[in-house]
Amino acid sequence: MIRISEITARVPYYGARSFYEAIQSVCFLMALLYIEGTGPVYTVGRFDSYIFPYYQADILNGSLTPKKAQELIECLYVKLTGNIMFYSADSSRTAPGYRGFETISLGGVDNKGKDASNELSYLCLDAAESVRTIAPDLVLLCHPRETPYALKMRAAELNALGLGTPKFINTETLKTELMNVGYSAEEASVGWVQGCTEPYGPGCKQYGHSAGCNVNLPMALEAVMFNGRKRTPNQSGSGELLGVETGDPSHFNNFTDFMCAVKTQIAQQIRDGHIASSRAEWVQARHFPVLLQSLFTDGCVERGLEANAGGAKINVGPGIVVAGGLATLADSLAAMKKLVFEEKKMSMEELFQAIDANFEGFTTTREIFTKQAPKFGNDIDYVDDLAREIFQFINDEAMKYFTPLGNRNVASTCRSVSNITEGARTWATPDGRKAGMPFSNNIGPTDGLDVNGPIASINSLTKLDFNRHFGAIHNLYLVNVDDEEKIHKMIDLIDVFFSRGGYHVQINCQGKEVFIDAQKHPEKYRGLMVRVAGYVAYFVELPKELQDQIIGRTSHYV
Amino acid sequence: MAEPLTMSKKSSFNLSDKTGLTYGSQGVKRGIIWKVDRFAQHDGPGIRTALYFKGCVLKCLWCDNPEGQTSEPSLVLAKTICNGCGQCVKACTSQALALLQTDDSSTIQVNRSSCNLCGACAPICPTGALQILGQSYTVSELLAILEKDRLIHKRSGGGLTCTGGEPLYQSDFLMGLLSECRRLNIHTAIETSGYVDEMVFKDVLQLVDYLFIDLKHIDNEKHKRLTGNSNARILSNTLLASSTLQSRDKALTIRMVVIPGVNDGQNISDLTDFLRSLPLVTSVELLPYHRYGVQKYDLLGRRHGLPEAEPPSAEVMDKYKKHLAGYGLHVV
C-alpha cells in the first residue's frame with residue numbers, strides 16, 4: 001500500500017524511474033485520456049519497445065523478475081478493460097461489446113528496419129493468455145523478414161486457444177500507407193495500429209475514423225436501380241432522392257455504362273461524406289480542445305496549437321469509411337454482368353421487378369442470381385477484377401479531397417460491424433441478398449460463399465491494392481487448430497497473406513458449436529472471448545444478430 | 001477456366017479437342033478431374049493442391065469417392081436442394097429427366113441409362129442441385145491453378161497431390177502434368193491403388209516425389225471379392241516402388257482403410273508380414289473406415305456395397321497401430 005501511494009504520488013508528473021512506475025504512468029494516462037477525450041480509440045502504442053529500457057534496467061539491478069513484470073502487465077490489462085466508453089445508441093450498434101479500442105502493438109521493426117521485438121513482447125502475450133481480458137487489443141506487427149518465427153508462433157498459439165488475439169498486421173503495407181499521408185520512410189517503419197486497423201505513427205492526429213463518414217457500397221446499386229432514390233420499405237417504388245439521377249435502369253444496354261453509373265453514385269456518397277465529416281472536424285477544432293492529448297502528440301507544443309485544431313505533425317482527415325459490402329457489390333456486379341449483359345438470361349426489367357419486390361415471388365430469379373454467377377473470395381478473376389476496380393476507385397476518389405484544416409482524406413475499411421447496421425437500411429441486391437440482411441463483413445468475401453478454401457480466399461483479397469487504402473480488416477475463421485502442426489499451417493497462411501501484400505488479418509479459432517451452446521447457456525460462457533472486427537469482446541455481451549453473423553462466417557478446417 | 005466436358009457416355013476419356021499440346025504416346029491432351037482442392041492437408045507434406053482424377057479399375061465396395069470410379073463425368077442430383085422447378089427437364093437432350101409431381105411436392109427423376117451426359121441441365125439449374133462432376137483440363141490450365149498456389153506450397157513445403165479415383169487411370173495425361181511440375185520445381189505426390197501396368201508404373205515412379213499406395217486386402221481371393229480384381233499386380237508394384245524409391249530421396253507411404261469384419265484381424269498380421277518383406281517403407285497409415293461417403297451413393301443414384309459397415313473403435317485402431325509399430329514400422 002505504501003509503495004502504491006509512493007508511486008501514484010510521483011507519476012506521471014515527475015516521470016517514471018522503474019518498470020512499476022512506467023506501467024502506472026501508462027495506466028493513469030490512458031484513464032485521463034478517456035476522461036478528457038472526445039472519442040474512443042486511444043492507443044497504448046508500441047508498448048514493448050518504449051517500456052523495454054525500464055524493464056531491462058530493473059532486471060539488471062535485480063529489483064524485478066520476469067514473473068513480477070508479467071503480473072504488473074496483467075494488472076494493466078485489467079485496469080484498461082475497466083475503461084468503458086459511453087456511446088450513443090447508434091454507435092453502440094456499430095461496435096457492440098463495451099470496447100474502448102485501446103491497442104497495444106507488439107514486435108515490428110525499429111527506424112532502421114531491424115526487428116524490434118524483445119522479452120517483453122513475449123511477456124505481453126503470456127499475460128494475455130493468463131488474464132483473458134478483452135482489453136487491450138493486442139496487435140502483432142509482422143515484418144515479412146525480420147519478425148522472429150518464435151514470436152509469431154506464440155501469437156498463433158494464443159489465437160489457437162480461441163482468444164481471438166492478437167491480430168496480425170503487415171508492417172510493410174503499414175509503412176506505405178503511412179507514407180501516403182506524409183510520413184518519411186524512417187518514421188513510417190516505426191508505425192503502429194490505432195483502434196481497429198488504422199495506421200498510426202509518431203505525432204499523428206487522426207480525426208477519428210470513428211468520426212468519418214460511412215460509404216455504403218451496396219446502396220450505390222440501390223440508387224442506380226431506383227434512379228438515385230431510396231427504395232421505400234413496405235410500398236413499391238422509390239422515395240427520397242439520395243444520390244445522382246442516373247436514369248431509368250432499363251436504359252442501360254451495356255455493362256460499362258452500368259458500372260459508370262454505380263461509380264457516379266459512389267463518388268457522390270464520398271463527396272457528401274467528405275463534406276459532412278469536414279464540418280465535424282471544423283466543429284471539433286473550434287469547440288473541443290484536447291489539451292492532455294496535445295501534450296503527448298508531437299508538433300502541438302512546437303506549433304502552439306492543440307491537437308484538434310491541427311497542431312499535430314501529421315494530420316489525417318476524418319476519412320471515408322467503407323461499411324463492408326465490397327464483396328456484396330462485386331458479387332452483384334458480376335451477376336449482372338454475366339447474366340444480364342453477357343448471357344442475357346434475364347432482362348434489366350425482369351431483374352428490376354425482382355429487386356423491387358425484394359425477390360418475393362421471384363424465388364427462381366433469386367436462386368439464379370445467387371448460384372449461377374462467380375463470387376468474390378474464390379480466386380476467380382471475373383469477379384475479383386470488379387472488386388479491384390471498385391476498391392481502386394474508392395481510394396482515388398477519397399484521396400482527391402482535403403479538409404478545411406488541410407488534411408489529406410483517405411478511405412479505410414474499419415467500421416466494425418456496420419455491415420449489419422448499414423445492411424439493415426439497404427434494399428435487396430442482385431447477388432440475391434434480401435432487403436435488410438447484412439452485407440459481407442469488412443473487406444472479406446460474403447459469408448459462406450468463399451468455397452475454395454482459405455488460399456483462394458486470400459488470393460482474391462490480396463488482388464486489392466491495400467497500399468493506397470488506410471487500413472482494412474480481414475476476418476479469417478479457422479477451426480480445428482488443435483496441434484502444433486496446425487499452428488504452423490496457420491502461420492503459413494498469415495505469411496502468404498502478407499507476402500501477397502495483405503495488410504491486416506485476424507483469426508477466430510473457436511468451434512461454432514461452442515458459440516451455439518453459449519447462445520443457449522450464456523451463464524456458462526461469461527469468459528468466452530471472440531474476435532468481432534477490429535476488437536475482441538465477450539461473446540455473451542453481444543447482440544443476437546451479431547452473434548449469428550459471427551457463427552455464419554465461412555470457417556476453414558485446418 | 002476449363003470448359004465443361006461434353007461427350008458421349010460410351011466414348012473413352014481421352015477424346016477431346018485436337019488443338020492442344022500433345023503429351024504421351026497416345027496423344028491424350030486433356031485430363032478429367034472431378035475436384036480441385038486448394039487447401040489439402042492430409043495427402044503429403046505441407047499445404048497442397050489436390051486434384052481428384054476420374055476413373056478407377058478397382059470397384060471397392062466401400063469406396064468413399066464413388067464419383068471418382070467412372071471415367072466419364074457423373075451426374076449428381078441432390079434431391080434435398082432441388083426445388084422441382086423443372087427447367088432441367090426442358091433442357092435435357094435425351095429425355096433422361098422427368099418431373100414427378102405429387103399433391104404437395106415435385107421432384108426430379110433421373111433415368112441414368114438413357115442419360116448421355118451432355119451437360120445441358122447442370123448450368124441452368126437455379127439451385128445447384130444438379131451438377132456434372134468431371135471437367136476436362138489441359139496441363140497448362142492445371143499449371144495456372146498451381147501457379148496461384150505456389151507461394152503457399154513453397155512456404156509450407158507442400159505441392160501437388162494427384163488422387164482420385166485413380167490418377168494412373170489417365171496415366172499419359174498424368175505423366176505430362178508430372179513432368180511439367182518437375183520442370184517448374186513443384187513437389188508432387190500421387191495416391192494410387194497400385195493397380196496399373198508395370199511399365200507405366202516405372203515411368204511414373206521416375207517423376208513423382210511422394211507416393212501413397214492404398215492397399216485393400218493382402219488375401220487375393222478376398223481382394224477379388226471386395227474390389228473385383230486380383231491384387232497380384234498391386235503387391236508386385238508395391239515391391240517395385242519400394243525398391244526404386246529406396247535409392248532416392250523420395251517417400252513411400254502405405255495406407256489401408258480398416259473396416260471391421262472386412263479387412264481387420266488376420267489381414268493386419270498379413271499386412272505386417274508383407275510390409276516387413278519390403279526393402280523400404282517410409283511410413284504406414286491405418287485409416288479408420290468412415291461413413292461420410294455413404295450419402296454420395298444416393299446423389300449418384302447408386303447403392304453402397306457395404307451398407308452395414310461401421311467405423312472401428314479408437315481402441316481397436318490403437319491396437320492395430322501398436323501391432324505394426326511393434327515390428328519397427330513407422331506408423332502415423
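Here's a short tour, one selection at a time; keep in mind that this is a predicted model.

**Stop one: helix 6 of chain A.** Select residues 119-131 of chain A. At 1.5 Å a residue, these 13 residues should span 18 Å, and the end C-alpha atoms sit 19 Å apart, which agrees. Now show the side chains that are buried: A:L120, A:S121, A:Y122, A:L123, A:C124, A:L125, A:A127 and A:A128. What do the buried residues of helix 6 pack against? Bring up helix 3 (47-60), helix 4 (66-82), strand 1 (103-107), strand 2 (137-142) and helix 7 (149-160) of chain A, and you have the partners.

From chain B, domain 1 (31-72 + 135-326) and domain 2 (74-133) each supply at least three. Zoom in on A:V215, whose contacts beyond four places in sequence include A:I266, A:I270, A:I320, A:V322 and A:I394.

**Stop three: chain B as a whole.** Zoom out and you'll find ten helices and twelve strands in chain B. Its radius of gyration is 21 Å, close to the 20 Å the globule rule gives for 332 residues, so chain B is as compact as a globular protein of that length. The C-alpha atoms fill a box of roughly 65 × 45 × 35 Å along the principal axes, and 42% of chain B's residues count as buried.

Note on methods. Residues are numbered from 1 along each chain as its sequence is written. Chains are lettered from A and ligands numbered from 1 in the order in which they are written. This is a predicted model: local features need pLDDT of at least 70, side-chain atom pairs count only at pLDDT 80 or more; totals for chains, interfaces and linings use all residues. Helices (H or I, at least four residues) and strands (E, at least two) are DSSP runs, numbered from the N terminus. The expected span of a helix is 1.5 Å times one less than its number of residues. A residue is buried if 20 or more other C-beta atoms lie within 10 Å of its own, exposed if 12 or fewer, and partly exposed in between; C-beta atoms are placed from the backbone. Two residues are in contact if their C-beta atoms, placed from the backbone, lie within 7 Å. The radius of gyration is taken over C-alpha atoms; the globule rule is 2.2 Å times the number of residues to the power 0.38. Domain bounds come from an automatic or database domain assignment.
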